[in-house]
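I opened my notebook to get to know a new structure. Come along and look with me.

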Amino acid sequence: NDLVIGELLDWLDVLDLVIVIGGDGTLLSASRNIVNYDIPVIGVNHGKLGFMTDVASEEMIQVLDDVLLRNNYTIENRSLLSAEVIRNDKIIFSGIALNDVVISRGAIGHMIEFDISIDQQFVLSQKSDGVIFSTPTGSTAYSLSAGGAIMHPGSNALSIVPICSQSM
């Protein structure tokens, strides 16, 4: 997978389309690498579930024929999340997510406590094992298994789902 991504990075300036054959994880990895290049992606499911890689492998030739030869396609724009981890006033990690961003207690044995504000407006204080910030695309992934709602991929929304929250 890393070799293929490395080769992909060499071609980003000349690509018009990226075809990802694999599962959702492969699609997420490729998408992270091309997000700043405005290149459409087609996901061909060669994995198990394929929520995002929605072209079945047996339909691949017909779909590519429609897209490449007949110009018969619709581009769906998807929301992205940007996240930074800051410690001691230094950014130690930053990234972009198509699915979700998770703040987790990690290996510690107790809940974490945090406050959530949106646009400087306080929303809530929470004690839980963590929280999932999900795009509509990611609403059918970790967020759903933690009790979150399923959102239409074109929704202009963000889902915030506590993980095993303390509720009294």
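Here are my entries, from the whole chain down to single residues.

**Ground rules.** I am reading a predicted model, where local features need pLDDT of at least 70, side-chain atom pairs count only at pLDDT 80 or more, and totals for chains, interfaces and linings use all residues. Residues are numbered from 1 along each chain as its sequence is written, and side-chain values use heavy atoms, with hydrogens and water left out.

**Whole chain.** I counted four helices and ten strands in the protein chain; helices (H or I, at least four residues) and strands (E, at least two) are DSSP runs, numbered from the N terminus. I then looked up burial: 32% of the 168 residues are buried, where buried means under 20% relative accessible area, exposed over 50%, and partly exposed in between (1.4 Å probe, protein chains only).

**Inside.** The largest nonpolar core has eleven residues, including Leu8, Val20, Leu27 and Met52. Such a core is a set of buried Ala, Val, Leu, Ile, Met, Phe, Trp, Tyr and Cys residues joined through side-chain atoms within 4.5 Å. Helix α2 (24–34) is one of the elements that supply at least two residues here, and α2 gives the most, with four. A second, separate core of seven residues includes Ala97 and Phe133.

**One residue up close.** Leaving aside residues up to four places away in sequence, I found Leu27 touching Val20, Val41, Gly43, Met52 and Thr53; contact means heavy atoms within 4.5 Å.

**Outside.** I finished at Leu68, which lies in helix α3. Leu68 is exposed, with a relative accessible area of 54%.
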